[in-house]
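Here is a short note to read beside the structure. Take the points in order and find each residue as you go.

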Amino acid sequence: QVQLVESGGGLVQAGGSLRLSCAASGRTFSSYVVGWFRQAPGKEREFVAAINWRGDNTYYADSVKGRFTISRDNAKNTVYLQMNSLKPEDTAVYSCAVDLSRMAITTASMTPRPYDYWGQGTQVTVSS
């Protein structure tokens, strides 16, 4: 079993930056794909970014490409999401998740379905 805890959310003005962290405990997640998703009020959960087990392959939603960067430190069992040039439409609860069946990113990594464990989420609010 894996426990995931997100941190780093908060209130920021448009154009600002935040860095989210996803720390794992229990079973290590260093050998697996980790994804970030977000959900705004009244909307479905949306894929944000994913990273492979070594951290040398990443994939982003078009809406965040060029602004967000996903990375990982397997020695610390932590995945990060650096968010720059934030926009009001980025406002959402951000959650990380681990897919214990994949080391490499696939098209399935862009959907919530294959992920086995999820964190509780951290709120990101971007004011205009």
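1. **A buried pair.** D90 and R67 are both buried. Here buried means under 20% relative accessible area, exposed means over 50%, and partly exposed lies in between, with a 1.4 Å probe and protein chains only. Their side chains meet in a salt bridge, at 2.7 Å from N to O. The pair links distant parts of the chain, 23 residues apart. D90 is in the loop between β8 (78-83) and β9 (92-99), and R67 is in the loop between β6 (58-60) and β7 (68-73). Strands are DSSP runs of E with at least two residues, and helices are runs of H or I with at least four; both are numbered from the N terminus.

2. **Ground rules.** This is a predicted model, in which local features need pLDDT of at least 70 and side-chain atom pairs count only at pLDDT 80 or more, while totals for chains, interfaces and linings use all residues. Residues are numbered from 1 along each chain as its sequence is written, and side-chain values use heavy atoms, with hydrogens and water left out.

3. **The salt bridges.** A salt bridge needs a side-chain nitrogen of Lys or Arg within 4 Å of a carboxyl oxygen of Asp or Glu. By this rule there are 6 salt bridges. One of them joins E46 and R38, at 2.8 Å from N to O. R38 is buried, with a relative accessible area of 6%. E46 is partly exposed, at 32%. D99 and R102 also meet in a salt bridge, at 3.0 Å from N to O. D99 is buried, with a relative accessible area of 0%, whereas R102 is partly exposed at 24%. Through shared partners, salt bridges join R38, E46, R67 and D90 into one network.

4. **The open sheet.** In which order do the strands of the open sheet stand? The order of its 4 strands is β1-β3-β8-β7, with antiparallel pairing. Two strands pair if DSSP finds at least two bridges between them. β1 (2-7) and β7 stand at the edges with a single partner strand each, so one side of each has no neighbour in the sheet. From one strand to the next, the twist averages 15 degrees. For such angles, axes are lines fitted to C-alpha atoms (for helices, over the stretch in contact), and angles run from 0 to 180 degrees between N-to-C directions. β1 pairs with β3 (residues 18-26) over 6 bridges, in the antiparallel sense. L4 stands opposite A24 in β3.

5. **Strand β4.** Look next at β4 (residues 33-39). Why is β4 called largely enclosed by the rest of the structure? Because 6 of its 7 residues are buried. β4 runs antiparallel to β9, and 7 bridges join them. V34 has V98 in β9 as its bridge partner. β4 also pairs with β5 (residues 46-51), antiparallel, over 5 bridges. There, F37 has F47 in β5 as its bridge partner. β4 and β5 form a hairpin with 6 residues between them. In the turn, G42 has a positive phi of about 75 degrees.

6. **Aromatic pairs.** The structure holds 5 aromatic pairs. Rings of Phe, Tyr and Trp (its six-membered ring) pair if their centres lie within 6.5 Å; planes under 30 degrees apart are stacked, over 60 edge-to-face, and the rest tilted. F37 and F47 form an edge-to-face pair, 5.6 Å centre to centre with 75 degrees between the planes. Both F37 and F47 are buried. The rings of F37 and W118 have their centres 5.1 Å apart and planes at 55 degrees, so this pair is tilted. F37 lies in β4 and W118 in β10 (residues 117-118), so the pair ties together parts 81 residues apart in sequence. F37 is buried, with a relative accessible area of 1%, whereas W118 is partly exposed at 25%. F37, F47, Y59, Y115 and W118 form one aromatic cluster.

7. **Charges over rings.** A charge sits over a ring if NZ of Lys or CZ of Arg is within 6 Å of the ring centre and within 35 degrees of the ring normal. The charged end of R45 sits over the ring of W118, 4.0 Å from its centre. The charged end of K65 sits over the ring of Y59, 5.8 Å from its centre.
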